[in-house]
Amino acid sequence: MNPESFAAGERRVSAAYVRQGCEARRAHEHLIQLLLEQGKCPEDGWDDSTLELFLHELAIMDSNNFLGNCGVGEREGRVASALVARRHYRFIHGIGRSGDISAVQPKAAGSSLLNKITNSLVLNVIKLAGVHSVANCFVVPMATGMSLTLCFLTLRHKRPKAKYIIWPRIDQKSCFKSMVTAGFKPVVIENVLEGDELRTDLNAVEAKVQELGPDRILCIHSTTSCFAPRVPDRLEELAVICANYDIPHVVNNAYGLQSSKCMHLIQQGARVGRIDVFVQSLDKNFMVPVGGAIIAGFNESFIQEISKMYPGRASASPSLDVLITLLSLGCNGYKKLLKERKEMFVYLSTQLKKLAETYDERLLQTPHNPISLAMTLRTLDGHHEKAVTQLGSMLFTRQVSGARAVPLGSVQTVSGHTFQGFMSHTDNYPCAYLNAAAAIGMKTQDVDLFIKRLEKCLNTIRKEQQKANVVVVSGVDDCNRARDVDIEEMALKLDSVLGDKDQPPSS
């Protein structure tokens, strides 16, 4: 309602009451005005009524919501189901244009403004999380793997001779497929074992750069967030190698935005060397539905090039989801979640260590991994080769999701490349283990319930092992007794025969 509408309302309702309502509305509008002027995530989260007012105001700016609109094109924002329209807050046109996912749509001013504001808020949060010098970013309606592919395809135009991507090994299929899908050959660099940790082999990376030649290498594709005992790559050292050899550097930061340590590595890598782009998932870092990612970097024009590489318009759903989430949380709410995640990591580590010691196992020492933990499963693996996978199945059927039971010697072929010891990030890790991660949104009760169910599973497996041992021992005892009886019978028969021979012949 505008001032004229409120003035008209005063003729029907007490002017004092209308003015009070007008002031209340202005409070909502003031928050919206600050957001549009500053383009930053508010310190405190908005209430739902302010959010819905804002979204409604944006939606009616799109042509499909014009009262007198007459659409005669093939894409006019028509929706058959009212439920679908409400699900999307009537943002039907999507974002971008055919030539640029960040471009403004003439007939969808509201959706375009939503897209711009979302990208601005996400940039603000990335800086808040620790990468202070990031220059530009945009939300793309694809998960991390395909977003990485988009980055590689953009680099192809800059490095036409390149055929290879150097990739310190991480056993995650989408990372590998992102390079193959873009038409490049991944050069897998095996990790080195330092204590319990698997770390980047910098000498092998540089040797491979020299062997292949910098011009034939599209980029170095490094990783921050990962499953223990692998730890984040040595980003600073890799960034220096990239700067020295003039090779682009793409970082897979899938769920690293929630970790101050991962974000610090990216910031430092950009400061001392070269990082061209880093990609992170929306669902893993902001607790929204799967389907979106953030592509960010330190060179504004290069990030714009990537956005222009995206073919066609795009879904606005991921942008809408993260916009609503950030406005609901505010900076203070998101920082609180980050702080709680760190506390949950310490708590999970403590509880998992106690449980491991109870069962003659141990928590692997992986201090460079700020999110994932691993507990050895030596006693299970030593008893039966399928006991480790049995534990994983038992946890899953007991509604424990996210835990990974990693056996020894698993082999997996991904896009034509065979990985020995798949899931363990190396050909021959010394032992089987169980993974668990303290990710954003985890609560104390999640940890307690996980430890309780894990202990029950380990108890069940231990009892089965004991029964099997009893059966084996019993079988051995039966064999020994049978052998003793056979020996005794043979001795009696022999004595009988010898005794007959000793008797003198009868007359």
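Helices here are DSSP runs of H or I with at least four residues, numbered from the N terminus. With that in hand, let's work through some exercises on this predicted model.

**Exercise 1. Place Asp381 in the fold: which helix holds Asp381, and which residues is Asp381 in contact with beyond its neighbours within four places in sequence?**

Solution. 
- Step 1: start with the helix. Asp381 belongs to α14, which covers residues 378-383.
- Step 2: look at the cover. The relative accessible area of Asp381 is 24%. Buried means under 20% and exposed means over 50%, so a residue in between is called partly exposed. Asp381 is therefore partly exposed.
- Step 3: list the contacts. Once the neighbours within four places are set aside, Val388, Leu408 and Ala432 touch Asp381.
- Step 4: take one of these partners further. Ala432 is 51 residues from Asp381 in sequence, yet their C-alpha atoms are 6.5 Å apart in space.

**Exercise 2. Describe strand β8: how many of its residues are buried, and which way do they point?**

Solution. 
- Step 1: find the strand. β8 spans residues 277-281, and five of its five residues are buried.
- Step 2: sort the side chains. Val277, Val279 and Ser281 point one way, while Phe278 and Gln280 point the other way.
- Step 3: find a partner strand. β7 (residues 249-252) runs parallel to β8, and three bridges join them. Across this pairing, Val250 stands opposite Val277.

**Exercise 3. Survey the aromatic rings: how many aromatic pairs does the whole structure hold?**

Solution. 
- Step 1: count. The search finds eight aromatic pairs.
- Step 2: classify one of them. Tyr429 and Tyr433 have ring centres 5.6 Å apart and planes at 75°. An angle over 60 degrees counts as edge-to-face, and that is the label for this pair. Both Tyr429 and Tyr433 are buried.
- Step 3: look for a group. Trp167, Phe176, Phe419 and Phe422 make up one aromatic cluster.
- Step 4: check for a charge over a ring. Arg404 lies over the face of Phe227, 4.0 Å from the ring centre.

**Exercise 4. Judge the whole chain: why is it called more spread out than a compact globule?**

Solution. 
- Step 1: note the make-up, with 16 helices and 14 strands.
- Step 2: compare the radius of gyration with the rule. The chain has 32 Å, well over the 23 Å that the globule rule gives for 507 residues, so it is more spread out than a compact globule.
- Step 3: Along the principal axes, the C-alpha atoms fill roughly 150 × 65 × 45 Å.
- Step 4: finish with cover. Of the 507 residues, 47% count as buried.

Key. Residues are numbered from 1 along each chain as its sequence is written. This is a predicted model: local features need pLDDT of at least 70, side-chain atom pairs count only at pLDDT 80 or more; totals for chains, interfaces and linings use all residues. Side-chain values use heavy atoms; hydrogens and water are left out. Rings of Phe, Tyr and Trp (its six-membered ring) pair if their centres lie within 6.5 Å; planes under 30 degrees apart count as stacked, over 60 as edge-to-face and the rest as tilted. Buried means under 20% relative accessible area, exposed over 50%, partly exposed in between (1.4 Å probe, protein chains only). A charge sits over a ring if NZ of Lys or CZ of Arg is within 6 Å of the ring centre and within 35 degrees of the ring normal. Helices (H or I, at least four residues) and strands (E, at least two) are DSSP runs, numbered from the N terminus. The radius of gyration is taken over C-alpha atoms; the globule rule is 2.2 Å times the number of residues to the power 0.38. Contact means heavy atoms within 4.5 Å. Two strands pair if DSSP finds at least two bridges between them.
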